[in-house]
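This report describes the disulfides and part of the strand arrangement of one protein model. Please look at the sequence and the structure first.

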Amino acid sequence: MIPVRFSTLPFLYPINNSSPPQNQSTQKIPVLGFGTWDLSGNTTEAVASAIAAGYRHLDCAKAYGNQKEVAEGIKEGMRRAGIGRGELWVTTKIWGNYHGSKIPEGHNVNLAELDLDYIDLVLMHFPVSSTRTLDYASTWHYMEGLVRENTARFIGISNFNVSMVETLLRNATIVPKVHQMELHPYLPQKDFIAMHKARNIGVTAYAPLGDTHSIYKTMTMSRQNRPPPLLENSVLKDIADARSCTVAQVALAWNMRRGVVVHPKTAQPERMRENFEAYKCKLTADDDGRIDAIEEVNVMRYWNICPTMLGQPCYTGLQDG
């Protein structure tokens, strides 16, 4: 049975899906999480260290290929931190080869790899199946069954565009708890976030520090008007100096101030601590305005595998889609 959970962490906020269609009760999700994408070699130690350092939200996925190592890190991290399962929020995702009626099978694979009895949040990783079909509406029906059978506390989506979200809601019984998407000062997607707030759907950000991973640079190398690396942006650096923060902390704090859950990834203990302390970076309304204005000069989406790997567009109509 899924336990009742309590937390005293200061940077939790409620995501409330209270309007029909419904069924996902108000709960708190740690707004500052730890990403596990592309962790390799020292995955178990990185996850254990993150939990010991205070992280209580882990963002995982079957497609990352490391969930068994993450599972060992969870056990060791909980031991070091002296906490129980009910104090940890685990998010994972189901890849397109388990869409449709295969959702229960994909969910069971995640449960087995993570060695857990339940998952806090299960996301549809992409709206596209492995057969290059946009079958997200029918797939959502099977995801709703995970909540009813009490092995997933909440369900959500990732990498959808406006029309996809609207179509899903027209066919859903349960509103997505969250929508995970690329969000950083070069891709703020303010209108899209406002749409989700109006529909009581939470938002979580991947790549919250922009192009810090080499794969993003490779994927966008051909772009003619590439902005400077996000962590070298002069506006962010100026604000960081003024607020006695690092540039990474400014970028993370800016997203959190607008109600976005972030989960940066790093295996370096010093970076882990730096990112975790982003909630201490106190920005002002003027800082927010200056960061919001960055998109007027620089707009950049770093992750777009939909047309190439998946054979279907995901971001049509969105900022830099």
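Is Cys 314 buried or exposed? Cys 314 counts as buried, because its relative accessibility is 1%; buried means under 20% relative accessible area, exposed over 50%, and partly exposed in between, with a 1.4 Å probe and protein chains only.

The model is predicted, so local features need pLDDT of at least 70 and side-chain atom pairs count only at pLDDT 80 or more, while totals for chains, interfaces and linings use all residues. Residues are numbered from 1 along each chain as its sequence is written, and side-chain values use heavy atoms, with hydrogens and water left out.

**Disulfides**

There are 2 disulfides in the structure, a disulfide being a pair of cysteine sulfur atoms within 2.5 Å. Counting bonded cysteines along the chain, the pattern is 1-2, 3-4.

| Disulfide | S to S distance | Angle about the S-S bond | Handedness |
|---|---|---|---|
| Cys 245 and Cys 281 | 2.3 Å | 110° | right-handed |
| Cys 306 and Cys 314 | 2.1 Å | -100° | left-handed |

Cys 245 and Cys 281 form a disulfide that links distant parts of the chain, 36 residues apart. Cys 245 lies in the loop between helix H8 (234–243) and helix H9 (247–257), and Cys 281 lies in the loop between helix H10 (269–276) and helix H11 (285–292). Helices (H or I, at least four residues) and strands (E, at least two) are DSSP runs, numbered from the N terminus.

Cys 245 is buried, because its relative accessible area is 14%. Cys 281 is buried too, at 5% relative accessibility. In the other pair, Cys 306 has 0% relative accessibility and counts as buried. Cys 60 is also buried, with a relative accessible area of 0%.

How many residues of strand E6 are buried? Strand E6 (residues 119–124) is mostly covered, with 6 of its 6 residues buried.

E6 pairs with strand E5 (residues 89–94) in the parallel sense over 4 bridges; two strands pair if DSSP finds at least two bridges between them. Lys 93 stands opposite Leu 123 in E6. E6 is also joined to strand E7 (residues 152–158) by 5 bridges, and these two strands run parallel. Ile 119 has Ala 152 in E7 as its bridge partner.

From E6 the chain crosses through helix H4 (residues 136–148) to E7, a right-handed β-α-β crossover. A crossover is right-handed if, with the strands pointing away from the viewer, the path from the first strand over the helix to the second runs clockwise. E5, helix H3 (residues 103–114) and E6 likewise make a right-handed β-α-β unit.
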